[in-house]
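I have put the cut-offs next to the terms as they come up.

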Amino acid sequence: MDTPDVCKRCAASPPTCCVLKENEKELCFPLFPGEVERLGKHSPARDGEGCEPPFVTMPNAKELIAAMLRLFPDEEEAVHRLFPEDGEHVRLGTDPEGYCVFLGADGCVLSGEERPAHCRLFPFWMANGKQRYLDAECLAIAEARGFAMLYR
């Protein structure tokens with residue numbers, strides 16, 4: 001979803017998405033290698049003291065692997081191949097409050113095409129072959145009157 005007015009309004013309030021609590025960092029969605037390369041060409045909106053770099057390498061925690069298996073129950077072999085227990089993955093960095101380093105005052109500083117796949121899909125997900133939107137504190141979800149209004 002490209003940053004519509006609703007995302008801009010939310011980013012000013014403080015936002016409810018694009019933020020990680022300390023105990024959620026090991027469960028943050030991983031980036032694909034091509035995404036890291038593409039995003040590496042952009043400067044973060046949040047930079048300075050206490051900010052993580054734009055990309056952080058994390059160990060593949062058992063909790064992350066379990067979450068991936070719940071999200072992709074028919075892809076167990078692929079999940080274990082992509083996220084071996086002794087491996088690592090890359091996630092987006094955050095500032096000291098946990099906000100994504102690419103989140104600016106007007107929302108994400110990345111265009112819709114530049115964002116990671118997970119960010120572009122938000123707030124949608126596929127579950128059991130059906131499209132749904134995530135149960136998240138999201139102003140766009142709260143204001144929408146069905147799926148059609150979330151396709152922006």
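1. Starting from the N terminus, the elements follow the order α-α-β-α-α-β-β-β-α-β-β-α-α. The chain holds seven helices and six strands, taken as DSSP runs numbered from the N terminus (helices H or I with at least four residues, strands E with at least two). Please keep in mind that this is a predicted model, where local features need pLDDT of at least 70, side-chain atom pairs count only at pLDDT 80 or more, and totals for chains, interfaces and linings use all residues. Residues are numbered from 1 along each chain as its sequence is written, and side-chain values use heavy atoms, with hydrogens and water left out.

2. Of the 152 residues in the chain, 35% are buried; buried means under 20% relative accessible area, exposed over 50%, and partly exposed in between, with a 1.4 Å probe and protein chains only. For contacts (heavy atoms within 4.5 Å), 71% of those between residues at least 6 apart in sequence join residues at least 24 apart.

3. The largest nonpolar core has 13 residues, and Phe-29, Leu-31, Leu-39, Leu-92, Cys-100, Phe-102 and Leu-103 have the most contacts inside it. Such a core is a set of buried Ala, Val, Leu, Ile, Met, Phe, Trp, Tyr and Cys residues joined through side-chain atoms within 4.5 Å. Another core, of five residues, lies apart from it and includes Leu-64, Ile-65, Met-68 and Phe-83.

4. Which aromatic rings pair? The search of the whole structure gives one aromatic pair: Phe-55 with Phe-102, tilted, at 6.5 Å centre to centre and 45° between the planes. The rule takes rings of Phe, Tyr and Trp (its six-membered ring) with centres within 6.5 Å, and calls planes under 30 degrees apart stacked, over 60 edge-to-face and the rest tilted. Phe-55 belongs to strand β1 (residues 55–59) and Phe-102 to the loop between β2 (88–92) and β3 (103–104), so the pair ties together parts 47 residues apart in sequence. Phe-102 is buried, at 1% relative accessible area.

5. β1 pairs with β2 in the antiparallel sense over five bridges, where pairing asks for at least two DSSP bridges between the strands. Pro-59 stands opposite Glu-88 in β2.

6. Asn-60 deserves a look, in the loop between β1 and α3 (62–71). Is Asn-60 buried or exposed? Asn-60 is buried, with a relative accessible area of 3%. Its side chain makes a polar contact of 2.8 Å with that of His-89; the term covers N or O atoms within 3.5 Å, within protein one able to donate a hydrogen and the other to accept it, and residues adjacent in sequence count only if both atoms are side-chain atoms. Leaving aside neighbours within four places in sequence, the contacts of Asn-60 include Ile-65, Leu-82, Phe-83 and Pro-84.

7. Lastly, the cysteines. With a disulfide defined as a pair of cysteine sulfur atoms within 2.5 Å, the count is zero. The closest cysteine sulfur to that of Cys-28 is in Cys-100, 8.1 Å away, which is too far for a bond. Cys-119 is in no disulfide either, and its nearest cysteine sulfur, that of Cys-18, is 6.2 Å away. Cys-28 is buried at 9% relative accessibility, while Cys-119 is partly exposed at 23%.
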